[in-house]
Amino acid sequence: VAALRTLGSPEFKLHSSKLLAESVTLSLSDTNPAVRREAVKLAGIANPATAVPLLEQILTAKADARLVQSALSALGDLPGAAADKALLRPLELLKANLWQPESELDLLEAATKRPAGPAANALRAYLDSRSKTDDLAAFRPALAGGDAAEGKRVFFEHVGAQCLRCHAIRGDGGIVGPGLSGVGKRLTRVQLLENIVFPNRTIAAGFENATIVLKGGASHSGLVKAESATELVLDSPEDGKLTLKKADIEKRIRGLSAMPEGMDKLMTRRELRDLVEFLAGLK
């Protein structure tokens, strides 16, 4: 994989060279799937004349989702009508809900690179067909097909997201937010995605900030640590732990989650997909 990336790098100026073409051809039949995926990524710059039929064949077979992802990325970068036409059929399948969800994001990204033509028109038609009432619609392509190893890197190392500052996995991380060990058993992928992009929609028990106004006029603010049908336990920085009878509560004002809105803007869609894949695997 490292050798292929080196040969395909702009510094070596080997695009469309015999050496790169032979290396890609050899690697396409390698027993290691990671090597095959890297070769597919370079197929377009190794031999543009033969790349489109090869990539189309991979899309039709759909045997290896990762290979399909690489083929779509390569097609998105290839100029010309042939590459544009090769993306048209998958986009039609996507609109009919017949395309594999693991490579939906890659297909959308590839089609977005086409400035005009049939693929661009099909992309607009698909985007127009998506539900206008589903506020998760734009993020759903990140539900499947991620790389868990890359998602782990996002969680532990991403400078913008900084997940580790607030959340812990097996004791490693912060305590501002709920621990995420075993979160893949507790939440579905949709719930994981929703909690990342809309953190105020559902706040985990024990982490809800609230201001409680009592009927006598007194008010207390803090974390709601426990709650029953008749009582509420509030951990207040000023007053310590308070057990309040619900019959005495005039008003309950829920505060915002400690997790800020806009986390999705700090990551690429691929990083978001990888993060969902990683969290879903925490069983």
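I began at Leu-244 and listed its contacts, leaving aside neighbours within four places in sequence: Ile-212, Leu-214, Thr-230, Glu-231 and Leu-232. I took contact to mean heavy atoms within 4.5 Å.

I noted that this is a predicted model, in which local features need pLDDT of at least 70 and side-chain atom pairs count only at pLDDT 80 or more, while totals for chains, interfaces and linings use all residues. Residues are numbered from 1 along each chain as its sequence is written, and side-chain values use heavy atoms, with hydrogens and water left out.

I then placed Leu-244 in strand S6, residues 240-245. I took helices (H or I, at least four residues) and strands (E, at least two) as DSSP runs numbered from the N terminus. Is Leu-244 buried or exposed? I found Leu-244 buried, at a relative accessible area of 10%. The scale I used calls a residue buried under 20% relative accessible area, exposed over 50% and partly exposed in between, with a 1.4 Å probe and protein chains only. I also looked up the C-alpha separation of Leu-244 and Leu-214, which is 8.9 Å for two residues 30 apart along the chain.

Next I turned to the cysteines. How many disulfides are there? I recorded 0 disulfides, the rule being a pair of cysteine sulfur atoms within 2.5 Å. Cys-163 is buried, with a relative accessible area of 10%, whereas Cys-166 is partly exposed at 26%.

I counted 13 helices and 7 strands. Along the principal axes, the C-alpha atoms fill a box of roughly 80 × 40 × 30 Å.

I found that 43% of the 283 residues are buried. Of the contacts between residues at least 6 apart in sequence, 60% join residues at least 24 apart. The chain exposes about 15,100 Å², of which carbon and sulfur atoms supply 57%; these areas come from the Shrake-Rupley method with a 1.4 Å probe, and for residues only the protein chains shown count as cover.
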